[in-house]
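Let's walk through how this one is put together, starting inside a chain and then moving out to the partner chain. Have a look at the model first.

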Protein chains: 2
Amino acid sequence: MSINKNNKKDSILKNRAIKVIPGGMYGHQNSSNLPDGYPQFMESGKGCKIWDVDGNEYIDLMCSYGPIILGHCHHKVEEAAVRQQNLGDCQNGPSKHMVELAEKLENIVKHCNWVIFAKNGTDSTTICLMIARAASKNDKVLVAKGAYHGSNTWCTPIKTGTTLEERKNIVEFIFNDLDSVDEAIHKSNNQIAAILVSPFRHDSGFDQELVDPIFAKGLRERCDAIGAALILDDVRCGFRLNYGSSWEPLGVLPDLSAWSKAIANGYPIAVVTGKEYLRKHASEIYVTGSFWFSAVAMAAACATLEALYQENSISKMEKAGRLLRDGLSQQAENYGIKIKQTGPVQMPYLSFENDSDYHKINLFCTEAIKRGAFLHPKHNWFVSSSHTESDINDVLRITEYSFQRIYENFR
Amino acid sequence: MSINKNNKKDSILKNRAIKVIPGGMYGHQNSSNLPDGYPQFMESGKGCKIWDVDGNEYIDLMCSYGPIILGHCHHKVEEAAVRQQNLGDCQNGPSKHMVELAEKLENIVKHCNWVIFAKNGTDSTTICLMIARAASKNDKVLVAKGAYHGSNTWCTPIKTGTTLEERKNIVEFIFNDLDSVDEAIHKSNNQIAAILVSPFRHDSGFDQELVDPIFAKGLRERCDAIGAALILDDVRCGFRLNYGSSWEPLGVLPDLSAWSKAIANGYPIAVVTGKEYLRKHASEIYVTGSFWFSAVAMAAACATLEALYQENSISKMEKAGRLLRDGLSQQAENYGIKIKQTGPVQMPYLSFENDSDYHKINLFCTEAIKRGAFLHPKHNWFVSSSHTESDINDVLRITEYSFQRIYENFR
């Protein structure tokens, strides 16, 4: 295995970026939040292989922070996108693909009777709140403390530049803790529009936590009891855990769901799905965007949903994710290193015992990135259905070195 | 000239859409807000010609409500987009095009020292507010009554589903009326983060109003005096009026600008540009989106900005727009029909005297759409640089019939 070393072009671009982009970069793709050795600027991707601007090759376990689910540049998705691009993308009205995609989602997603499309995951979560408020005539929304639901003013994790008023109607509870939900309901004087929740707890920088089925069912019961909408934020998990809404396997259906990321294998689209009783209210709010009706991302989404089904992608991701988890577990054991692996296997999160300053995981990732595995120290990773057994074994050959370095540095 | 008649495929799609999309469609591209004869679903576009799903051809004077500025499917933009698409779009980091595009904007736009990219025009206006609030530690934002600044909860024109608190810090003034601005400042107790304004008044359903240079300068002076940011919402006008910020010809530079629509000739991107003193504050807020770093739209934007310059596009749009305005004026005069044409010639708005119920303009547009001119009864139109003299003459041959029908029906 070769060690990635050259970062000349990346350095030059970073030096140029610092002059024209605040802080040199912003948001979740800001590489200055990552340990040493990570590139900022990417060149290309194919399947689960990606290349940075200096030509260094990586096996991609971030999948563009979620959007890539079939692998980069999937031929069927690209074909559908190119076919539509040659006709038109942003036009005076949507293309037929808008209807096809809405019908597909209505078929696939159990609670879905209608669909609204947008561009950002944040658009979707915000639209869900608007619809729930229009329906209930209430303002309060319950959200889990620490959960990420986007970067609009009511939800961005850093409050700078937002007003107190914009968060005034957000009431917090603790994920997987129904008592805290009851407390939040009590505090809200029965003026609750919705409970907004992620399929599992995937807060950045923390071990992940799968949902307790009793918690999921408890939220459903409470929403029914108080006349609030249950909103599932499936932006990050959607179509990685289940071919449908992520809580369907638990028998819990939300009233509204927010989706984005993986729906079109990287093409920009966001989706709101909802139950019949909210259709009228969904048509009463006014939301729109210059590119929300664009055809290419919708054609790509249709192709993505078909390919996910035809290629049995979720099973593939589970298999690859399981292989990775078992392999990492074995390696850690061999070195006598205590690790935690949390969340679904296809959305892995790795942490080390006694590592609250992230020194171990940072070293682990630094060693991995320089040998060609693109992991993340504080964000869950993403497996795609393009990851084969061989790819995962390549990753494990790399992580063997990472564990060795942890062993050497932290005894 | 043939009359567009067949709408079979459009009807079938509409009947399918009503089942899976609330109200059958939403937002600004909802054709149920348009008079008879408009298609909902589009097939393709090339230059200034567009085709609906039934194969009816139109000369496009809406340009996808703004994004198309060089004409549909412009070869240089498409080449740049395809080249990047073959490499990758949404990756683990941005491509080199992000830096190139930021540098280009910094070169072209006088007040621009740094750039943030997003997806929706609404993202851009919201980010401007956040930065202004972060810088000033004030919450109040002054906006012109009736102005459209996007569909986030603080600005959507229909308040259903939003909370009172989300608008609590928005204070209104009247466009072109400095007294009303002073009143709004007084009302806000000097706690003003920003004044947000469009380059000219382009409220939907009303005659447009160019900015009085004294008003623009007055806003600049007041912002300086009270330590607020002047934010120009150039989402709709950007790069159609001026190759740079829209108030540069007046000598008035904003502190922040929101852009989107035409920047990438239809590819989805939004932009915030700002002055040096706000750079630090721009890096303090947290905003991001899954597709904000995607490479294709940035490559397309670079190509669009180059082509706009090389092809002298703004002059071309002005020339075509002037030809259209003069032609419509002459036709109206010939029939003795009183019309108003307002706003810049490349963003025309047509209205009829004594037409508060829009009956005349609706008939005008219905007659135009069936003969192949895609106009809009309540929204400003958009000229692109692909509109030739011959195209405008074709439009005028069509509008001749429209005026004739107005003459016959409203004497």
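## Domains, helix pairs and the chain contact

Chain A splits into domain 1, which covers 8-70 + 312-409, and domain 2, which covers 75-310. Keep in mind that this is a predicted model. The C-alpha centres of the two domains of chain A, domain 1 and domain 2, sit 27 Å apart. Where they touch, 20 residues of domain 1 of chain A meet 23 residues of domain 2 of chain A. On the domain 1 side, helix H9 (313-335), strand S11 (339-342) and strand S12 (349-352) of chain A each put in at least two residues. H9(A) gives the largest share of that side, with three residues. Sorted by class, the domain 1 side has nine nonpolar, nine polar and two charged residues.

Now for a helix pair in chain A. Helix H2 (residues 75-87) and helix H8 (residues 295-310) of chain A have axes that come within 8 Å and cross at roughly 155°. H2(A) and H8(A) are therefore roughly antiparallel, as the cut-off for that label is an angle over 145 degrees. Their crossing is right-handed. From H2(A), the contact uses A:Lys76, A:Val77, A:Ala80, A:Ala81, A:Arg83, A:Gln84 and A:Gln85, while H8(A) brings residues including A:Ala295, A:Val296, A:Ala299, A:Cys302 and A:Thr304. Class by class, that contact counts ten nonpolar, three polar and two charged residues.

Over in chain B, watch the numbering: the helix spanning residues 295-310 is called H9 there, and its axis comes within 8 Å of that of helix H2 (residues 75-87) of chain B, crossing at roughly 155°. H2(B) and H9(B) are roughly antiparallel to each other, and the crossing is right-handed. Among the residues making this contact are B:Lys76, B:Ala80 and B:Arg83 of H2(B), along with B:Ala299, B:Cys302 and B:Ala307 of H9(B).

How many residues does each chain bring to the contact? Chain A and chain B bring 89 residues each. On the chain A side, at least two residues each come from helix H1 (8-20), strand S1 (42-46), helix H3 (96-108), strand S4 (114-118), helix H4 (121-136) and helix H7 (279-282). H4(A) supplies the largest share of that side, seven residues. By class, the chain A side divides into 37 nonpolar, 36 polar and 16 charged residues.

One helix pair spans the two chains: the axes of H1(A) and helix H3 (residues 96-108) of chain B come within 9 Å and cross at roughly 40°. That makes H1(A) oblique to H3(B), and the crossing is left-handed. H1(A) contributes A:Leu13, A:Arg16, A:Ala17 and A:Val20, and H3(B) contributes B:Lys96, B:Val99, B:Ala102, B:Glu103 and B:Glu106. This contact has five nonpolar, no polar and four charged residues.

Here are the helix pairs side by side.

| Helix pair | Axes come within | Crossing angle |
|---|---|---|
| H2(A) and H8(A) | 8 Å | roughly 155° |
| H2(B) and H9(B) | 8 Å | roughly 155° |
| H1(A) and H3(B) | 9 Å | roughly 40° |

Key
Residues are numbered from 1 along each chain as its sequence is written. Chains are lettered from A and ligands numbered from 1 in the order in which they are written. This is a predicted model: local features need pLDDT of at least 70, side-chain atom pairs count only at pLDDT 80 or more; totals for chains, interfaces and linings use all residues. Two residues are in contact if their C-beta atoms, placed from the backbone, lie within 7 Å. Helices (H or I, at least four residues) and strands (E, at least two) are DSSP runs, numbered from the N terminus. Ala, Val, Leu, Ile, Met, Phe, Trp, Tyr, Cys and Pro count as nonpolar, Asp, Glu, Lys and Arg as charged, and the others, Gly among them, as polar. Axes are lines fitted to C-alpha atoms, for helices over the stretch in contact, and angles run from 0 to 180 degrees between N-to-C directions. Angles under 35 degrees count as roughly parallel, over 145 as roughly antiparallel, 65 to 115 as roughly perpendicular and the rest as oblique. A crossing is left-handed if the near helix is turned anticlockwise from the far one by less than a right angle, and right-handed if clockwise. Domain bounds come from an automatic or database domain assignment.
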